[in-house]
Amino acid sequence: GKGSVRGGAGGSFGDIVMEPDQVSPETLRDKAVAFEGFLLKRGDVWKSWKRRYFKIIDHYLIWYAAPDSATHIKSFNMLNAFAVDFVEDEKWKKPFCLEIGSPGRNLILSCDSFNEQYEWVAHLRDTLSPYLQQSLE
């Protein structure tokens, strides 16, 4: 069997324990980068778009001011995410967007091309929890 999630498939996330989003540079130091590149990120508070350098390391999506930055600005724990989706251009008035859904917040990113969008979605989906990956197949 595939097992079950408490609260049913569409249930609330009230009983889910959130993993910490922030990760220390030490934790990341010797880990391989699965995928990386520039993306536009929509701000949480100010809804402006900023170009950031993103890396997928382990199950974290991490962003930096520049590719050679020693320390990252922020990280997002993909184990908290429940979906990585393609988004219609009209929704955010930007091309090639993708949205990472999580109980805490949604991350909205814009890529430079359809190919990049497709690759980012594929790589990000690889980092979702194994249970979710089963349900995506």
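**Exercises on salt bridges and backbone angles**

Arg-51 has a relative accessible area of 41% and therefore counts as partly exposed, where buried means under 20%, exposed over 50% and partly exposed in between (1.4 Å probe, protein chains only). The model is predicted, so that local features need pLDDT of at least 70 and side-chain atom pairs count only at pLDDT 80 or more, while totals for chains, interfaces and linings use all residues. Residues are numbered from 1 along each chain as its sequence is written, and side-chain values use heavy atoms, with hydrogens and water left out.

**Exercise 1.** Find which residue forms a salt bridge with Arg-51, and state where the two partners lie.

*Solution.* A salt bridge requires a side-chain nitrogen of Lys or Arg within 4 Å of a carboxyl oxygen of Asp or Glu. The partner of Arg-51 is Asp-112, with the closest N and O atoms 3.5 Å apart. Arg-51 lies in strand 2 (residues 49–57) and Asp-112 in the loop between strand 7 (107–110) and helix 3 (114–126), so the pair ties together parts that are 61 residues apart in sequence; helices (H or I, at least four residues) and strands (E, at least two) are DSSP runs, numbered from the N terminus.

**Exercise 2.** Describe the phi angle of Lys-93 and its location.

*Solution.* Most residues other than glycine have a negative phi. Lys-93, although not a glycine, has a positive phi of about 60°. Lys-93 is found in the loop between helix 2 (89–92) and strand 6 (97–101), and at 70% relative accessibility it counts as exposed.
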